[in-house]
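Visitor: I am new here; could you walk me through what we are about to see?
Guide: Gladly; let us look together and take it one question at a time.

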Number of protein chains: 2
Amino acid sequence: MAVTIRDVAQACGVHVSTVSRTFSAPHLVNPETRNRVLAVAEQLGYRPNRAARALTTGRTHNIGLIVADIANPFFPPLIKAAQSHARQRDYHVFVADTDEDPRVEEELIQALAKQVDGVLLCSPRLSNRTIDRLREDVPFVVINRHVKGLPAVLMDVGHGAQQAIEHLVALGHRRLGLLSGPPGSSNSRLIHDAAAAAAADGAADLTVIGPNSPTEQGGQIAAAEVLAAEVTGVLAYNDLVAIGLVEGLEELGVQVPADISVIGIDDIMQGRLNRPKLTTVAMPTIAAGRTAVDMLLQLVGTTDVGPAVTSLQTTLVVRDSTAAPIRLPREVT
Amino acid sequence: MAVTIRDVAQACGVHVSTVSRTFSAPHLVNPETRNRVLAVAEQLGYRPNRAARALTTGRTHNIGLIVADIANPFFPPLIKAAQSHARQRDYHVFVADTDEDPRVEEELIQALAKQVDGVLLCSPRLSNRTIDRLREDVPFVVINRHVKGLPAVLMDVGHGAQQAIEHLVALGHRRLGLLSGPPGSSNSRLIHDAAAAAAADGAADLTVIGPNSPTEQGGQIAAAEVLAAEVTGVLAYNDLVAIGLVEGLEELGVQVPADISVIGIDDIMQGRLNRPKLTTVAMPTIAAGRTAVDMLLQLVGTTDVGPAVTSLQTTLVVRDSTAAPIRLPREVT
DNA sequence: GGCCATTATGCAACCGATTGCAGCTTGTGC
DNA sequence: GCACAAGCTGCAATCGGTTGCATAATGGCC
């Protein structure tokens with residue numbers, strides 16, 4: 001059915017190995033022969049069978065990318081960046097969605113293992129122990145989580161939280177709130193610690209509120225608590241929570257940013273689709289996708305690699321949900 | 001490195017073919033032997049190499065899914081549905097994003113062709129002629145577009161537009177607007193024709209506005225035109241345009257839905273993240289993903305298949321952006 | 001003109017599995 | 001006690017390429 005290397009060889013009157021070399025080691029074949037082979041191959045519509053090639057070379061030229069939820073707007077930019085970056089290096093990316101289910105995640109990794117040269121694990125939900133076991137099967141680079149002994153690409157959310165608090169302080173806010181994230185999450189702790197430190201540096205109070213569910217609804221519910229805490233500026237665990245908070249506050253008759261300033265984290269909306277446009281900490285998702293691909297390719301190219309960890313900078317994007325407080329806070333210095 | 005069928009055979013004292021059959025044709029091997037092989041395989045951590053299997057069987061048990069833009073919120077639910085549905089049938093889905101570039105799309109199809117049993121083409125940007133050429137390489141099912149001679153899964157956007165107009169008419173609106181989509185798009189024509197017919201049936205005027213760019217900004221810009229047209233209810237080409245329109249109208253001091261009702265198409269936000277929650281035509285993306293997988297698997301299973309076309313129903317989801325008009329329109333019957 | 005290095009090509013084993021065919025062992029029926 | 005069938009298992013070719021080694025042809029150099 002499909003045209004193979006043998007068909008081309010026969011049509012050219014050369015041996016299969018010559019045809020093979022024409023594609024995988026062109027410098028080893030006479031330019032004249034090479035051109036003839038290429039012409040015939042083109043004419044016959046020959047395409048190398050990557051799966052067959054993988055069988056002998058051990059290189060599939062594919063990489064896997066496993067994410068918890070494609071529908072989470074945080075991931076697509078990262079996926080796109082990884083794909084286009086990999087394509088430029090003659091690699092293809094197979095994306096798989098785990099539906100947040102660790103069992104599915106494990107199954108996918110095992111299924112992918114033999115068909116890819118390495119896997120990008122994006123915010124994995126698996127236990128460290130399971131990941132440690134699976135790394136026998138296929139090389140990993142982990143994105144957005146640190147697993148001991150594995151190369152990782154991290155985004156410095158702590159620094160982002162710091163920038164956010166400094167921004168509020170610079171605007172004149174002194175009574176700040178933090179809508180905290182899930183207690184178990186390491187990102188949640190990083191955000192809390194950095195925010196607390198930055199608030200202390202700025203001589204501002206920081207009231208921790210929650211944790212509520214890290215969703216729009218969670219933010220909406222937190223609105224009342226925010227009012228009760230009498231803060232004028234709030235940093236939310238993520239953009240969903242921030243957007244929910246804005247909605248909740250407006251339902252209570254509180255204007256953002258006139259009465260209270262709100263900052264999110266992640267920049268999932270990128271200023272679109274929401275009013276007021278959210279001031280937020282943008283994550284370097286595109287850089288993370290590219291970097292992860294580079295690290296993985298480097299890792300599969302060499303025999304041994306140290307567990308390199310790259311930490312990428314976040315950026316505070318100031319838009320319309322933050323402003324100076326109307327009444328100066330009481331405890332101004 | 002990895003444990004192969006030979007390692008298992010040797011450890012068991014049987015021939016490789018027996019091990020092979022244990023996995024691919026269990027009924028042909030003595031239960032006693034089979035259990036022994038399974039036990040040893042388990043203990044050694046043997047996993048079949050799907051790529052090698054594909055070489056002889058011609059079946060990879062993978063399917064490809066090519067979309068124009070993963071970041072477009074319209075696609076992720078479809079992707080997730082296709083993936084989980086395929087996984088239940090022991091197939092894996094490789095997702096690839098073309099960045100809206102037909103050349104990339106073609107390249108991806110060719111690269112994928114040998115590694116998958118079939119490809120789901122989601123809103124392809126390629127010309128019919130190119131698609132016709134590529135179908136020699138790999139079986140296709142097209143989603144969201146009709147290509148002559150190819151199986152397709154369509155979503156009945158015309159009926160959705162009809163429902164939307166009927167909803168506005170039922171609320172009492174008689175002066176309606178349609179924010180039209182790109183002139184070349186077939187969906188755009190389907191929406192226009194169905195909306196026009198439904199308006200005529202409901203004895204309502206339908207003013208076509210635009211086309212503007214099918215984006216949030218396009219909708220925002222159209223707000224002035226909508227006001228000038230003196231309509232009380234508007235159907236937008238998609239949700240992005242509808243959301244932009246709501247923003248544009250509010251900037252002009254017009255309330256939605258109090259002053260003007262707005263309906264979108266696609267249901268990308270699913271009622272989240274936007275005020276007012278948008279009344280919109282929900283596309284059956286989940287059903288489309290599942291159906292497309294089923295059609296593709298059926299297609300690769302048999303030798304010849306007719307170019308079946310499945311058309312899926314859309315649903316009007318009434319939320320908060322539509323209401324009865326305040327002032328009854330002049331030409332009430 | 002002979003020797004050697006260089007270049008180009010062919011040969012054949014191999015990657016990890018599948019599968020048609022043949023052969024062996026049992027068991028059954030008569 | 002023999003013929004035959006059924007049930008298992010082994011053998012070896014095959015899928016579509018890659019690659020180390022051998023061989024042949026060419027050219028340069030003294």
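**Around the DNA strand**

Visitor: Which helices of chains A and B each supply at least two residues of the surface near DNA strand D?
Guide: A residue is near a strand if one of its heavy atoms lies within 4 Å of it, and helices (H or I, at least four residues) and strands (E, at least two) are DSSP runs numbered from the N terminus. With that in mind, chain B contributes α2 (16-24) and α4 (50-57), and chain A contributes α1 (5-12), α2 (16-24) and α4 (50-57).

Visitor: Before we go on, what kind of model is this?
Guide: Residues are numbered from 1 along each chain as its sequence is written, while chains are lettered from A and ligands numbered from 1 in the order in which they are written. Local features need pLDDT of at least 70, side-chain atom pairs count only at pLDDT 80 or more, totals for chains, interfaces and linings use all residues, side-chain values use heavy atoms, with hydrogens and water left out, and the model is predicted.

Visitor: Which helix gives the most to the surface near DNA strand D?
Guide: In total, 27 residues surround this DNA strand, and A:Arg6, A:Ser20, A:Arg53, A:Thr56 and B:Thr33 are the closest. The top contribution is five residues, and the helix that gives them is α4(A).

Visitor: How many residues of the surface near DNA strand D are polar?
Guide: Here Ala, Val, Leu, Ile, Met, Phe, Trp, Tyr, Cys and Pro count as nonpolar, Asp, Glu, Lys and Arg as charged, and the others, Gly among them, as polar. By that scheme nine residues are nonpolar, five are charged and the polar ones number 13.

Visitor: How far from a phosphate oxygen of DNA strand D is a polar side-chain atom of B:Thr33?
Guide: A polar contact is a pair of N or O atoms within 3.5 Å; within protein, one must be able to donate a hydrogen and the other to accept it, and residues adjacent in sequence count only if both atoms are side-chain atoms. B:His15 brings a backbone N or O atom to 2.8 Å from a phosphate oxygen of DNA strand D. B:Thr18 uses a polar side-chain atom, at 2.7 Å. For B:Thr33, the distance is 2.4 Å.

Visitor: Is A:Leu273 buried or exposed?
Guide: A:Leu273 is found in the loop between β9 and β10 of chain A, and its phi is near 65°, a positive value in a residue other than glycine. Buried means under 20% relative accessible area, exposed over 50%, and partly exposed in between (1.4 Å probe, protein chains only). A:Leu273 has 7% relative accessibility, so this residue counts as buried.

Visitor: Which residue is the bridge partner of B:Leu235 in β9(B)?
Guide: B:Gly233 and B:Leu235 point one way from strand β8 (residues 233-236) of chain B, B:Val234 and B:Ala236 point the other way, and all are buried. Three bridges join β8(B) in parallel to strand β9 (residues 261-266) of chain B. Within that pairing, B:Leu235 is partnered by B:Ile263.

Visitor: Which residue stands opposite B:Phe140?
Guide: On strand β4 (residues 140-143) of chain B, B:Phe140 and B:Val142 lie on one side, B:Val141 and B:Ile143 on the other, and all are buried. Strand β3 (residues 118-122) of chain B pairs with β4(B) in the parallel sense over four bridges. Opposite B:Phe140 stands B:Val119.

Methods
Two strands pair if DSSP finds at least two bridges between them.
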